[in-house]
Amino acid sequence: IDRPAVLDEAAKLVIDVDGVKNAWLEPASQAQPSLFYREKPSLETGEKVIRLKDGAGANPLALQGLYRVLIEKSAASGKDGNIIVREVAERLHAQRGLAIDFETIQVIASQDIQFQASVEIDPAIDPDDVYLAILEKIAAYLSPSVAFKTLDECLAQHQSIDAIFDGPLLNHGFIDSDELIKLKRKKNLYVSDLIREIMDVPGVLLVEQVVFYVSVGGKLNDTALALEADKVPILDVKNSQLT
C-alpha cells in the first residue's frame, strides 16, 4: 500500500516521471486567489470569516503546506509539457499527505547562459578532449540531473536495506536523498564556482579569465549573474567562447 509522501519524497515522485530532468517543490508565499481573514465584532457573534475579498478589518491569510512544483523538462525528451504536468499531478495527488497541497505545477522555461573563458592547459593533453570536458562540466554545473541508482549500487555504498527502500516506490530505481537535497534551484551564478568547476577538469593548469554574458553581445559580468525568476539555466554553447 502506498503511503503519503513527505516533501523530499514528493520531489522523487516528480523526477521519476518520464520527461522530467529535475524538479523543485517550493513553499507558495501567497495563495492564489488571495485569502483574507476577518473576525466579526462581538455583536455579530464573534465569528471568524475567511473570504476572497479584502475589506475593513481583514488581514491577508498565509496558508501552510501549500507548494509550487517547478519542473525542468529533459532536453532529450520530446514529450509534451502539458502531458508531463498531468502525469506529475496524478502521481503527487495520489500520495500527498494531509494538509499538503500544490498551488501550481508547471514546466519552467530555460535561460540561456553564455560565458567567455581563457584557460591554460597541459600541452601533453589533447586540447579537444579538454574543451569537451570543460563544456560538459559547465553544463552539469548549470543544470545538474538527478542520478537513479540500482539496488546493487546502493548496497555497494553500504546503505542498509531499510534505508534503500524507505520512501515511495519509483519506476527508474533509487534516488539518494542527500544528493537530492544538494540540488537546490540556482538563483545566482558565481564566477568563482565556474572557475572551480573548470579547474577540476584533468589537463587544466590555470584559469586566466571567466566572465558571464548578461545577453548575447551585451554586458559582461565577471563576478556573479542573477538568474531570471522561475527559469532554469542551461549552457548556450554556440554563443560562448572558450580559448
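# Exercises on a predicted model

The largest cavity holds about 60 Å³ of space. This is a predicted model, in which local features need pLDDT of at least 70 and side-chain atom pairs count only at pLDDT 80 or more, while totals for chains, interfaces and linings use all residues. Residues are numbered from 1 along each chain as its sequence is written, and side-chain values use heavy atoms, with hydrogens and water left out.

**Exercise 1.** State which elements give two or more residues to the lining of the largest cavity.

*Solution.* Step 1: a cavity is a set of points on a 1 Å grid over the protein atoms alone where a 1.4 Å probe fits but cannot get out, and lining residues have an atom within 4 Å of a point. Volume is the space filled by probe spheres set on the points, which are joined across faces, edges and corners.
Step 2: searching the whole structure gives 1 cavity of 30 Å³ or more.
Step 3: its lining includes Asn-22, Trp-24, Val-232 and Pro-233. The elements that give two or more residues to this lining are β1 and β12 (231–235).

**Exercise 2.** Compare the span of helix α2 with the expected one, and find what its buried residues pack against.

*Solution.* Step 1: helices (H or I, at least four residues) and strands (E, at least two) are DSSP runs, numbered from the N terminus.
Step 2: α2 covers residues 81–95, 15 residues in all, and reaches 22 Å from first to last C-alpha, close to the 21 Å expected at 1.5 Å a residue. The expected span is 1.5 Å times one less than the number of residues.
Step 3: the buried residues of α2 (under 20% relative accessible area; exposed is over 50%, partly exposed in between; 1.4 Å probe, protein chains only) include Ile-84, Val-88 and Leu-92.
Step 4: the buried residues of α2 pack against α1 (7–15), β1 (20–27), β5 (66–73) and β6 (101–107), where contact means heavy atoms within 4.5 Å.

**Exercise 3.** Is Ala-99 buried or exposed? Treat Asp-230 in like manner.

*Solution.* Step 1: Ala-99 lies in the loop between α2 and β6. Although not a glycine, Ala-99 has a positive phi of about 65°.
Step 2: Ala-99 counts as exposed because its relative accessibility is 68%.
Step 3: Asp-230 sits in the loop between β11 (224–226) and β12, with a positive phi of about 55° although it is not a glycine.
Step 4: the relative accessible area of Asp-230 is 28%, so Asp-230 is partly exposed.

Key: 1 Å grid on protein atoms, 1.4 Å probe; cavity = no way out; pocket = protein on both sides within 12 Å on 5 of 7 lines; lining within 4 Å.
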